[in-house]
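Welcome! Please take a look at the sequence and the model first, and then read on.

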Amino acid sequence: MAGTSGRFTTIIKAKISKMLDRAEDPGETLDYSYQKQLELLQNVKKGIAEVVTSKKRLQMQADKLQQSVVKLDTQARQALAAGNEDLARTALERKTLAQNELQSLDAQVQELEAEQQKLIQSEQKLRTKIESFRTKKEVVKAQYSAAEARVQISEAATGVGEEMADVGLAMQRALDKTEDMRARANAVEELEAAGTFEDLTQLGSGQDDIDRQLAELTSSSQVDDELAKMKAELGAGSPPSAGQIEEGKA
Amino acid sequence: MIVRIATEGQYELPEEFHAELNEIDNRVVAAVEADDEPAYKASFSALLEYIRTNGTPLEDTDLRESDLIVPPPDLTLAEAEHEFTGDGLLPD
């Protein structure tokens, strides 16, 4: 090693070397690497498919939330026009929550898109190395003595092995992220199932559990601002169209 | 010297940059040991940028082994701490 004593940079290196050293016989290393190379290329393909599936699911959720945002906004306006400020506030709280979730989903979709592109590049790079390894093996065999060829091929195999370990690490990290996002997506689905983003006309009266959670989750100042803005718009615009949403649904 | 940024790629980093790289590496280690998130983020991204800026990316067909491997760019402080104490990213 070239005289660098950096601990941070050497730890992973040491571990990868240890992993590769395990196959003692260079011949065995070659067979092992080649098998591993093929397996890993398959795994990378599966990993990419999994990332794509998660991304699609998140996109569908985002579309649904977008619809909820529009619906809750309309309902808030209707409630306010009917003079039911409490109901308007609840609708806006839910809209804020849906918007926050939507933002976070959009960010996650972007992140998964980036992971997908990165894995596609990694797969391509590994393919190129494997191909290069095959070519080199043939050239070296033809030009060098058996002993020298063995050394050179073994070195090249280590290089491919390092790339394999790296693609494996990249895939593991991408899948871990997908896993985290899946958990998050499940949480959003639970909120949906609990009726958090549902039609407000379906709601019972008074403060239920969801309402209390909402009050904690949403920024009340944001809701206050929006309510004030909506009031101003309504005051300047059309007269209240009462009757759509009645006071105190029971 | 060949340096790999894990999950990203390999770079050829000329001799004259090694001392500085080592210096930045020590700053990262110090930040991790001090459990100092801002210092960790600053020093780790400085380390990555130093390699990307001063190194030349290796051809994909190049089969040489790396002399150094830098952890993945998205490594969190918690992961870095684990790296020094536990099994780290790769099991032993």
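Which residue takes a positive phi in the hairpin of β1(B) and β2(B)? The residue is B:T7, with a phi near 65 degrees, and the hairpin has three residues between its strands. Please keep in mind that this is a predicted model. Chain A holds six helices and zero strands, while chain B includes an open sheet of four strands.

**The sheet of chain B**

- The four strands of this open sheet follow the order β3-β2-β1-β4, and their pairing is mixed.
- At the edges sit β3 (56-57) and β4 (68-70) of chain B, and each of these pairs on one side only.
- As background, the strands of a sheet pair through backbone hydrogen bonds, which can be parallel or antiparallel.
- β1(B) and β2(B) are antiparallel partners, joined over four bridges, and in this pair B:R4 stands opposite B:Q10 of β2(B).
- β2 of chain B, residues 9-12, also pairs with β3(B), in the antiparallel sense and over two bridges; here B:Y11 faces B:P57 of β3(B) as its opposite.
- β1(B) and β4(B) run parallel, with three bridges joining them, and B:V3 has B:L68 of β4(B) opposite.
- Both faces of β1(B) are covered: B:I2 and B:R4 are buried on one side, and B:V3 and B:I5 are buried on the other.

- Helix α4 of chain A, residues 146-193, lies across β1 (2-5), β2 and β4 of chain B.
- A:K129 belongs to another helix of chain A, namely α3, which covers residues 85-143.
- Is A:K129 buried or exposed? A:K129 counts as buried because its relative accessibility is 1%, under the 20% cut-off.
- Setting aside residues up to four places away in sequence, A:K129 touches A:V160 and A:E163 in chain A, and B:Q10, B:E59, B:D60, B:D62 and B:L63 in chain B.

**Chain A as a whole**

- Reading from the N terminus, the elements of chain A run α-α-α-α-α-α.
- Chain A has 250 residues, of which 43% count as buried.
- Among the contacts in chain A with a separation of 6 or more, 86% come from residues 24 or more positions apart.

**Helix α2 of chain B**

- Helix α2 of chain B spans residues 37-54, which makes 18 residues.
- From its first C-alpha to its last, α2(B) reaches 26 Å, close to the 26 Å expected at 1.5 Å a residue.
- Which residues of α2(B) are buried? They are B:Y40, B:S43, B:F44, B:L47, B:L48, B:Y50 and B:I51.
- Seen down the axis of α2(B), these buried residues fall within an arc of 155 degrees, so they line one face of the helix.
- The face of α2(B) turned away from the buried side carries the exposed residues B:P38, B:K41 and B:T53.
- At the start of α2(B), B:D36 brings a side-chain oxygen to within 3.2 Å of the backbone nitrogen of B:A39.

**Two loop residues with positive phi**

- Most residues other than glycine have a negative phi.
- B:T7 has a positive phi and is a residue other than glycine; B:T7 lies in the loop between β1 and β2 of chain B.
- B:T7 counts as buried because its relative accessibility is 7%.
- B:D35 also has a positive phi, near 55 degrees, in a residue other than glycine; B:D35 is in the loop between α1 (18-33) and α2 of chain B.
- B:D35 is exposed because its relative accessible area is 51%, over the 50% cut-off.

- B:E33 is found in helix α1 of chain B, and with a relative accessibility of 55% B:E33 counts as exposed.
- B:E33 and B:L77 are 44 residues apart along the chain, and 9.9 Å separates their C-alpha atoms.

Definitions and conventions:
Residues are numbered from 1 along each chain as its sequence is written. Chains are lettered from A and ligands numbered from 1 in the order in which they are written. This is a predicted model: local features need pLDDT of at least 70, side-chain atom pairs count only at pLDDT 80 or more; totals for chains, interfaces and linings use all residues. Side-chain values use heavy atoms; hydrogens and water are left out. Two strands pair if DSSP finds at least two bridges between them. Contact means heavy atoms within 4.5 Å. Axes are lines fitted to C-alpha atoms, for helices over the stretch in contact, and angles run from 0 to 180 degrees between N-to-C directions. The expected span of a helix is 1.5 Å times one less than its number of residues. Buried means under 20% relative accessible area, exposed over 50%, partly exposed in between (1.4 Å probe, protein chains only). The arc is that of the directions from the helix axis to the C-beta atoms. A polar contact is a pair of N or O atoms within 3.5 Å; within protein, one must be able to donate a hydrogen and the other to accept it, and residues adjacent in sequence count only if both atoms are side-chain atoms.
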